Amino acid sequence: MSKTELVKRYLFFVVGLFVNSMGIALITRANLGTSPISSTPYVLSLWHPALSLGMFTLFFSLFLIALQLIVLGRRFPKHFWLQIPVSFLLSAFIDLSMSIFFFVPLCCLPIRRPHRRFPTILPQNPHRNPYLSAIYAFPLSFSLLFCYDVTGRKQDFYEKEPIMERIITYRIRESEEGLRTEQYLRRKGYSYQNLTQLKKMPESILINGVWSYMRTVLHRDDILTVHIKEDGSSPNIPPVKLPLDIVYEDGDILVVNKPAGMPIHPSLNNYRNSLANALMYYFSEQGVPFIFRCTNRLDRDTSGLTVIAKHLVSSSILSGMGTRHEIEREYLAVVRGSVTPASGTISAPLARAGTSLIERKVDFDHGEHAVTHYRVVDEKNGHSLVSLTLETGRTHQIRVHMKYIGFPLVGDYLYNPDMEHIARQALHSHRLRFRHPITGEWMEFTAPLPDDMAHILEPHTPPGGHS
């Protein structure tokens with residue numbers, strides 16, 4: 001727990017205990033007939049002293065909890081709202097039990113003179129022992145300590161939970177002066193959902209080190225700090241130790257060279273062998289929560305580069321870049337024969353093939369717009385190595401387009417079950433080029449051609465292939 005939170009925690013406790021002690025003093029002195037406050041509220045003297053003390057316990061326990069919510073803010077663990085009524089009821093039970101235990105002998109003491117307001121209800125103490133106030137205070141103080149100990153652990157539980165933190169800093173330029181914070185962040189690519197989520201995070205927006213609102217106006221040379229905190233992980237993705245080839249990683253993105261045969265997401269028949277499982281294990285070993293957000297998804301049997309966002313802001317910006325076709329993707333594919341012409345553009349809309357949920361076909365009447373550019377890179381062993389870049393990202397776009405021009409990918413079980421040299425579609429995500437979602441710098445990554453595809457271009461059958 002930080003020093004600031006520790007000070008807040010014990011400050012709220014001292015204030016609450018002081019207020020409760022005042023209430024206890026009023027009760028005990030009123031019951032002893034020696035209240036220093038002549039206008040003691042009636043509720044302090046009503047009914048049995050044990051009942052009055054119990055009422056004060058309930059009231060001030062609720063007061064402490066409310067004060068804690070105000071002072072410590074809206075940072076709760078998952079089950080904190082369940083802890084409040086549980087600790088509240090336990091506190092009341094302990095206090096009522098102990099107060100009755102101490103009040104029974106007190107009520108049996110002889111009455112010296114009647115109370116001037118309620119002569120027949122309240123017992124009087126002829127000795128007027130000043131230590132009785134301490135006796136009365138003991139059960140309530142004990143119950144309050146218990147209540148505080150349970151609910152006060154909210155902050156401890158919160159800090160023990162792993163948190164993904166990312167701090168992003170911007171300097172406001174002259175051309176950006178006068179914009180509201182939310183307008184500035186929208187221009188940086190933050191979505192409305194991002195802004196809503198940031199509003200719920202404590203102290204997520206700082207201007208020159210001071211917590212600020214989204215509507216705060218920015219000025220030249222202001223330092224805007226965005227503090228992202230995520231404490232949850234993707235559900236239903238068990239961490240599994242699997243081979244993971246990380247090409248690049250920073251605080252915002254992760255670039256992975258995915259092997260063939262590994263799905264991106266878990267599914268019914270691939271629940272523990274996906275890229276998401278491997279990354280979940282990778283981050284769990286670091287004690288960091290992880291929400292799987294993949295920007296460019298690849299088919300299970302397609303190898304190569306894919307980008308994963310590490311937090312909600314980078315994910316939103318990368319998704320926008322993908323929608324605007326600002327991520328350059330180059331694939332390498334192997335086809336049988338000599339492709340003619342050696343380069344060109346395939347513009348053919350794609351749609352589902354019949355009732356199949358997976359298979360696609362070229363459909364000029366009902367298909368979605370799809371464009372692929374290709375060029376032959378090399379020809380060996382009766383096969384061509386083709387480079388392909390995408391303008392759109394339709395399902396199975398390269399596989400269907402290459403079949404459409406008469407050169408389907410070898411090893412493609414769905415569109416060309418030619419398994420002589422390879423047991424999966426010979427398609428590899430070779431190059432990615434895009435601007436960094438936070439810094440804006442151009443980044444480019446390449447992954448070499450995998451061995452099973454390289455062997456096709458050599459004059460022999462690769463190991464594991466079908467002859």
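Student: Which residues touch the most other members of the largest nonpolar core?

Tutor: This is a predicted model, where local features need pLDDT of at least 70, side-chain atom pairs count only at pLDDT 80 or more, and totals for chains, interfaces and linings use all residues. Residues are numbered from 1 along each chain as its sequence is written, and side-chain values use heavy atoms, without hydrogens and water. A nonpolar core is a set of buried Ala, Val, Leu, Ile, Met, Phe, Trp, Tyr and Cys residues joined through side-chain atoms within 4.5 Å; buried means under 20% relative accessible area with a 1.4 Å probe, protein chains only. Of the 35 residues in the largest core, those touching the most other members are Leu185, Tyr190, Leu224, Val226, Ile228 and Phe434.

Student: Which helix gives the most to this core?

Tutor: Helices are DSSP runs of H or I with at least four residues, numbered from the N terminus. With five residues, the top contributor is helix α9 (residues 312-323).

Student: How many residues of strand β6 are buried?

Tutor: Strands are DSSP runs of E with at least two residues. Ile253, Val255 and Asn257 point one way from β6, Leu254, Val256 and Lys258 point the other way, and all are buried. For β6 (residues 253-258) the count is therefore six of six.

Definitions and conventions: Buried means under 20% relative accessible area, exposed over 50%, partly exposed in between (1.4 Å probe, protein chains only).
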